Amino acid sequence: GFGSVVSQGLPFYTGNVNYHFEISSDASCTIRVPAWRGGLLKVFVDGQDIGNIAFSPYELTLKDLASGRHEIVLKLYGTRQNGFAQLHHIPGIYFYQSPDSWRSVGDRWTYEYQFKPMGILKSPEIY
C-alpha cells in the first residue's frame, strides 16, 4: 500500500523502491502521483519503460494501450537524505550541506533521528 505513516522498517534505506499495481484500460489513461518524495518516478507498463514523472503536475499519459489489464510499476529513485544527512538536527535549521551543517550543540541537537519522508505518500490517481 501507499502512505507516509506506515513504517517499512528501513529507516536508513536510500535505494530505489518499486510499486506494483494493475489497471484496466480501453485506449489510454493518465497516471498522476500527487504526493511523493524521492529523486524521480519512472513508469513501466507491462515491463516497458514509458517515461518519467518528475515535475508538476506529476502525471504521465499512457497512450495507445491495448484493451485489457496492464501491470504498472512506478519505480521511485531514492535519495541519500536518510542515510547521510544531518539526522540529529532539529528540523528546519539547516537548508544546506557543508562541513559546519553536521555540527550542532544545545537545542539544535536531538538524540532522536529526524528522518525525511521518502516514497509515494498518497495513492496514485488513474483517470
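Serine 25 lies in strand β1, which covers residues 17-25. The model in which this residue is placed is a predicted one. The protein chain contains one helix and nine strands, and its radius of gyration of 18 Å is well over the 14 Å given by the globule rule for 127 residues, so the chain is more spread out than a compact globule.

**Serine 25**

- With a relative accessible area of 6%, serine 25 counts as buried because that value falls under the 20% cut-off.
- Once neighbours within four places in sequence are set aside, serine 25 is in contact with Leu65, Ala66, Ser67, Gly68 and His70.

**The four-stranded sheet**

- Strand β1 belongs to an open sheet of four strands, ordered β1-β7-β4-β5 and paired in the antiparallel sense.
- The edges of this sheet are formed by β1 and β5; each has a single partner strand, so one side of each lacks a neighbour in the sheet.
- From one strand to the next, the twist averages 25°.

- Strand β4 (residues 40-45) pairs with strand β5 (residues 48-53) over five bridges, in the antiparallel sense.
- Within this pairing, phenylalanine 44 is set opposite aspartate 49 of β5.
- Two residues separate the strands of the hairpin, and aspartate 46 adopts a positive phi near 50° there.

**Proline 117**

- Proline 117 is located in the loop that runs between α1 (81-84) and β8 (119-120).
- The relative accessible area of proline 117 is 51%, and this residue is exposed because the value is over the 50% cut-off.
- Although proline 117 and arginine 37 are 80 residues apart along the chain, their C-alpha atoms are separated by 6.5 Å.

**The chain as a whole**

- Read from the N terminus, the elements follow the order β-β-β-β-β-β-β-α-β-β.
- The C-alpha trace spans about 60 × 25 × 20 Å along its principal axes.
- Of the 127 residues in the protein chain, 28% are buried.
- Considering contacts between residues at least 6 apart in sequence, 72% connect residues at least 24 apart.
- The accessible surface of the protein chain amounts to about 8,300 Å², with 52% of it belonging to carbon and sulfur atoms.

Methods: Residues are numbered from 1 along each chain as its sequence is written. This is a predicted model: local features need pLDDT of at least 70, side-chain atom pairs count only at pLDDT 80 or more; totals for chains, interfaces and linings use all residues. Side-chain values use heavy atoms; hydrogens and water are left out. Buried means under 20% relative accessible area, exposed over 50%, partly exposed in between (1.4 Å probe, protein chains only). Two strands pair if DSSP finds at least two bridges between them. Contact means heavy atoms within 4.5 Å. Axes are lines fitted to C-alpha atoms, for helices over the stretch in contact, and angles run from 0 to 180 degrees between N-to-C directions. The radius of gyration is taken over C-alpha atoms; the globule rule is 2.2 Å times the number of residues to the power 0.38. Accessible areas come from the Shrake-Rupley method with a 1.4 Å probe; for residues, only the protein chains shown count as cover.
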